[in-house]
Amino acid sequence: MSGWSDFAGQTASSLLGTLVGGLITIGVARWQTTRTVRSQIELAAAQEVAAARLARHERERERAAESARQLLERLADLYGWLPSLPDVGADQPVLSDHAREKCIAAMESTRRGMHTDLLMIGDAEIRDRYRTLVKLAYDAGWRGIGRNNRERQIRDVRSYLRYVQASLEAVADGAPTPAPVDPPRLDRSGADTWRPPVLPGHWNDPADGS
């Protein structure tokens with residue numbers, strides 16, 4: 001009987017060890033599976049958030065680019081009538097009444113853009129440049145600042161307008177924007193035209209017309 005008892009005990013111990021080992025193996029496998037599933041869920045969630053952020057950024061970039069193109073059209077109209085800018089607030093225009101009216105309309109269009117299209121551009125520096133241009137145009141046109149030097153006044157506004165155009169073109173193209181510069185002071189002395197320190201390449205092109 002003693003032999004059978006020893007055999008039964010050994011068998012029971014072996015079975016118990018096998019059972020315990022199996023339960024541990026199952027538990028470890030289940031834990032690893034749960035951890036893997038959780039990691040995959042977290043990864044999928046992170047990828048979804050990243051994709052949503054990227055899509056939102058792309059939508060914002062597209063809206064900004066479209067707004068920049070709309071503003072560029074407004075500035076193109078103003079650019080064409082800049083020679084009449086000092087005539088806007090004058091009793092008798094040096095050029096024609098028709099040109100003065102066109103210049104006033106272009107100024108108003110540029111100002112409206114400041115309250116519509118410009119708001120879709122997230123870059124605060126670009127918005128400030130555009131608003132500064134609007135102020136320069138109204139200072140030169142309606143407020144008569146710098147009127148004693150008419151030709152330089154026109155060239156100053158034209159040069160800063162070109163600088164803002166280059167900034168908006170960068171937004172439309174998704175390219176680096178020109179470095180910040182101080183705008184011209186229309187009431188300064190001297191006849192030298194204001195220029196930003198770094199000129200866009202097309203400014204030196206005779207076809208540019210500036």
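Mentor: Helices (H or I, at least four residues) and strands (E, at least two) are runs assigned by DSSP, and they are numbered from the N terminus. By that rule the protein chain has 4 helices and 0 strands, and its elements run α-α-α-α from the N terminus on. Keep in mind that this is a predicted model, in which local features need pLDDT of at least 70 and side-chain atom pairs count only at pLDDT 80 or more, while totals for chains, interfaces and linings use all residues. Residues are numbered from 1 along each chain as its sequence is written, and side-chain values use heavy atoms, with hydrogens and water left out.

Start with the whole chain. Of its 210 residues, 34% count as buried (under 20% relative accessible area, with exposed meaning over 50% and partly exposed in between; 1.4 Å probe, protein chains only). Contact means heavy atoms within 4.5 Å. Among contacts between residues at least 6 apart in sequence, 70% join residues at least 24 apart.

Now the interior itself. A nonpolar core is a set of buried Ala, Val, Leu, Ile, Met, Phe, Trp, Tyr and Cys residues joined through side-chain atoms within 4.5 Å. In the largest one here there are 36 residues, of which Leu82, Ile121, Tyr130, Val164 and Leu168 touch the most other members. At least two residues of this core come from each of α1 (2–80), α2 (97–115), α3 (124–141) and α4 (150–173). The biggest share is that of α4, with 9 residues. In soluble globular proteins, nonpolar side chains tend to be buried together.

Leaving out residues up to four places away in sequence, Tyr130 touches Leu71, Arg74, Leu75, Thr110, Gly113, Met114, Leu118, Val164 and Leu168.

Next, how the helices are set against each other. Axes are lines fitted to C-alpha atoms, for helices over the stretch in contact, and angles run from 0 to 180 degrees between N-to-C directions. The axes of α2 and α3 are 10 Å apart, and the two helices pack at about 150°. That makes α2 roughly antiparallel to α3 (over 145 degrees; under 35 is roughly parallel, 65 to 115 roughly perpendicular, the rest oblique). From α2, Met107, Glu108, Thr110, Arg111, Gly113 and Met114 meet Tyr130, Arg131, Val134, Ala137 and Tyr138 of α3. These residues divide into 6 nonpolar (Ala, Val, Leu, Ile, Met, Phe, Trp, Tyr, Cys and Pro), 3 charged (Asp, Glu, Lys and Arg) and 2 polar (the others, Gly among them).

Ala137 is buried, with a relative accessible area of 3%. Apart from neighbours within four places in sequence, Ala137 is in contact with Leu85 and Met107. Leu85 is 52 residues from Ala137 along the chain, yet their C-alpha atoms are separated by 7.4 Å.

Then comes the other partner of α3. The axes of α3 and α4 come within 10 Å and cross at roughly 160°. That makes α3 roughly antiparallel to α4. Here too the crossing is left-handed, with α3 passing α4. On the α3 side the contact is made by Ile126, Arg129, Tyr130, Thr132, Leu133, Leu136 and Ala140, and on the α4 side by Gln153, Val157, Tyr160, Leu161, Tyr163, Val164, Ser167, Leu168 and Val171. By class, the contact has 12 nonpolar, 3 polar and 1 charged residues.

Beyond four places in sequence, Thr193 touches Arg152, Arg155, Asp156, Ser159 and Arg188. Val198 is also found after α4, and at 65% relative accessibility Val198 counts as exposed.

Terms used: Left-handed = near helix turned anticlockwise from the far one by under 90°.
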